[in-house]
Amino acid sequence: QVQLVQSGGGLVQAGGSLRLSCLGSERTNGMGWFRQAPGKEREFVAAINWSGRNTDYADSVKDRFTISRDNAKNTVYLQMNSLKPEDTAVYYCAKTRTLSATREPYNYDTWGQGTQVTVSS
């Protein structure tokens, strides 16, 4: 069974940058990133299709975050720039059941362990 192992994250000041990595992606599946802040539901952040040519972003992170993938390394990345305190959350990578980039959690069948991102003001 595929496992997704996340790395990256940590504490950064507002305006700073972080990069998250997710090892274990498969080139036949779309991948996505979600996040969950304390007391809030898990929300979609970004998704990428199997080839990397199609991406989708939540409005709250568009133009600040970039999702990418390296299929040779079975890794998906989330580059986060211009971070804000409201970006503070546990971030999860996930694998879809299809080739596409999708926002819907029910389309994802495998999830990473989660990694904490904290942005101080």
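1. Four strands make an open sheet, in the order E1-E3-E8-E7, with antiparallel pairing. E1 and E7 (65-70) are the edge strands, and each pairs on one side only. From one strand to the next, the twist averages 15°. The model is predicted, and the points below should be read with that in mind.

2. Strand E1 spans residues 5-8. Its partner is strand E3, residues 18-23. The two run antiparallel and are joined by four bridges.

3. Is Gln-6 buried or exposed? Its relative accessibility is 6%, and the cut-off for buried is under 20%, so Gln-6 counts as buried.

4. Which backbone atoms lie by the polar side-chain atoms of Gln-6? One is the backbone oxygen of Tyr-91, 2.8 Å from a polar atom of the Gln-6 side chain. Another is the backbone nitrogen of Cys-93, 3.1 Å from a polar atom of that side chain.

5. The surroundings of Gln-6 can be listed by sequence region. Leaving out residues up to four places away in sequence, Gln-6 touches Ser-21, Cys-22 and Trp-33, among others. Its contacts also include Tyr-91, Tyr-92 and Cys-93. Further along the chain, Gly-112, Gln-113, Gly-114 and Thr-115 are touched as well.

6. Now strand E5, residues 43-48. E5 is mostly covered: of its six residues, five are buried. E5 pairs with strand E4 (residues 31-36) and with strand E6 (residues 55-57).

7. Take the E4 side. E4 and E5 pair in the antiparallel sense, over five bridges. Arg-35 stands opposite Glu-43 in E5. The two strands form a hairpin with six residues between them. In the turn, Gly-39 has a positive phi of about 75°.

8. Take the E6 side. E5 and E6 run antiparallel, joined by three bridges. Ala-46 has Tyr-57 of E6 as its bridge partner. The hairpin of E5 and E6 has six residues between the strands. There, Gly-52 takes a positive phi near 90°.

9. Strands of a sheet pair through backbone hydrogen bonds, either parallel or antiparallel. The antiparallel sense is found for E1 with E3, for E4 with E5 and for E5 with E6.

Terms used:
Residues are numbered from 1 along each chain as its sequence is written. This is a predicted model: local features need pLDDT of at least 70, side-chain atom pairs count only at pLDDT 80 or more; totals for chains, interfaces and linings use all residues. Side-chain values use heavy atoms; hydrogens and water are left out. Buried means under 20% relative accessible area, exposed over 50%, partly exposed in between (1.4 Å probe, protein chains only). Two strands pair if DSSP finds at least two bridges between them. A polar contact is a pair of N or O atoms within 3.5 Å; within protein, one must be able to donate a hydrogen and the other to accept it, and residues adjacent in sequence count only if both atoms are side-chain atoms. Contact means heavy atoms within 4.5 Å. Axes are lines fitted to C-alpha atoms, for helices over the stretch in contact, and angles run from 0 to 180 degrees between N-to-C directions.
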